[in-house]
Amino acid sequence: MPDRIEITIDNKKVEAEDREFLINVLNREGITIPTLCHHDRLEPYGVCRVCMVKVSWGSKSKFVTGCNYPVENGDVIDTKGRDVKKIRKMSIEALLGRCPIEPAIVEFAGKHGVMSSRFQPQKPGGDDCILCGLCVRVCDEVVGARALGFMSRGPERDICMPFMENPESCIGCGACSSVCPTTAMKMEGLKTEILKSRHGDIRPCRYTLMGFYPGGVCANSYRCWRCDIDQKYTELASMAGFEHPVFMAEVCIDESDGGDTS
Ligand code: SF4
Ligand code: SF4
Ligand code: FES
């Protein structure tokens, strides 16, 4: 059993587990902070820096990323102060500079009072990817396909498929595009076409590959990408509060009745 500790968040004493990520404590307490690279079901990555909070101990304090900060006994955390909002705005301004016309980033920035940026885009016309890594992490940690990764460093850093080819391991589940906070990852239609052209007439349904539907095959060879199984799991996922069926995999595997989807 992890040790219980006491911390203070926005002047309120709160119990937590020692070194628990702050974002989990905030979620329990109903306190929201802005996030872009965080997803509750994925390991924190701490790269977008829009979730900054201030942690103080006596006369000392520092700004940390709230999504991956492990809390310690006695931490005094400020999620709303003027200096916290100011530093978050700097992070948002940097993202807006990178993606000046990406609709989701423009909207996110506007919502936080950032209407323009002093930073210049690194790609002509701006980028649509903020390099948050959500697509890479969902494909690795949840789908298990490891079909996406990062390439290069500095201004050239980008998301890619291994060896710049469509990998055999991609099952066209679309989870990457579903978690992408921008319009950058929109490959499901294309990917499905590639899958259709790659194999024979009968190929495993992608929900089988995700572990939802043991023993089943896609009888339609992905000819319609909105097949009955897709539709069923999309509806079930939304009813259960998941943004994409891939996040239901554990539940479905546990409750599996051997492939009966009727
Ligand atoms: S479609 Fe699914 S398997 Fe393919 S890259 Fe995206 S998350 Fe990975
Ligand atoms: S493509 Fe989307 S999810 Fe992937 S790193 Fe870029 S912004 Fe994040
Ligand atoms: S949400 Fe914390 S760094 Fe991105």
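User: Starting with Cys-99, does that one count as buried or exposed?
Analyst: In this predicted model, Cys-99 counts as buried, because its relative accessibility is 0%. Buried means under 20% relative accessible area, exposed means over 50%, and partly exposed lies in between, calculated with a 1.4 Å probe on the protein chains only.

User: Where does Cys-99 lie?
Analyst: Cys-99 lies in the loop between α2 and α3, where helices (H or I, at least four residues) and strands (E, at least two) are DSSP runs numbered from the N terminus. Its C-alpha atom is separated by 7.4 Å from that of Ile-130, although the two residues are 31 apart along the chain.

User: Before I go on, what should I know about the numbering and the model?
Analyst: Residues are numbered from 1 along each chain as its sequence is written, while chains are lettered from A and ligands numbered from 1 in the order in which they are written. Since this is a predicted model, local features need pLDDT of at least 70 and side-chain atom pairs count only at pLDDT 80 or more, whereas totals for chains, interfaces and linings use all residues, and side-chain values use heavy atoms, with hydrogens and water left out.

User: OK, ligands. Which residues come nearest to ligand 1?
Analyst: Twelve residues are around ligand 1, and the nearest of them are Cys-139, Cys-170, Cys-173, Gly-174 and Cys-176; a residue is near a molecule if one of its heavy atoms lies within 4 Å of it.

User: And where does ligand 1 sit?
Analyst: Ligand 1 sits in the largest cavity. A cavity is a set of points, on a 1 Å grid over the protein atoms alone, where a 1.4 Å probe fits but cannot get out, and a molecule sits in one if more than half of its atoms lie within 2 Å of its grid points.

User: What about ligand 2, which residues are closest there?
Analyst: Ligand 2 is surrounded by 13 residues, with Cys-129, Cys-132, Gly-133, Cys-135 and Cys-180 the closest.

User: How many residues of each class are in the two shells?
Analyst: Around ligand 1 there are ten nonpolar, two polar and no charged residues, and around ligand 2 there are eleven nonpolar, two polar and no charged residues. Here Ala, Val, Leu, Ile, Met, Phe, Trp, Tyr, Cys and Pro count as nonpolar, Asp, Glu, Lys and Arg as charged, and the others, Gly among them, as polar.

User: New topic: how many residues are in the largest nonpolar core?
Analyst: That core has 48 residues, and Leu-36, Leu-148 and Ile-159 have the most contacts inside it; such a core is a set of buried Ala, Val, Leu, Ile, Met, Phe, Trp, Tyr and Cys residues joined through side-chain atoms within 4.5 Å. At least two core residues come from each of α2 (82–98), α3 (103–111), α4 (134–143), α5 (175–179) and α8 (228–239), and α4 gives the most, with six.

User: So why does the core lie between the domains?
Analyst: Domain 1 (4–85) and domain 2 (134–254) both give residues to this core, so it lies between them, with the domain bounds coming from an automatic or database domain assignment.

Note on methods. On a 1 Å grid over the protein atoms alone, a cavity is a set of points where a 1.4 Å probe fits but cannot get out, and a pocket is an open set with protein on both sides within 12 Å along at least five of seven lines; lining residues have an atom within 4 Å of a point.
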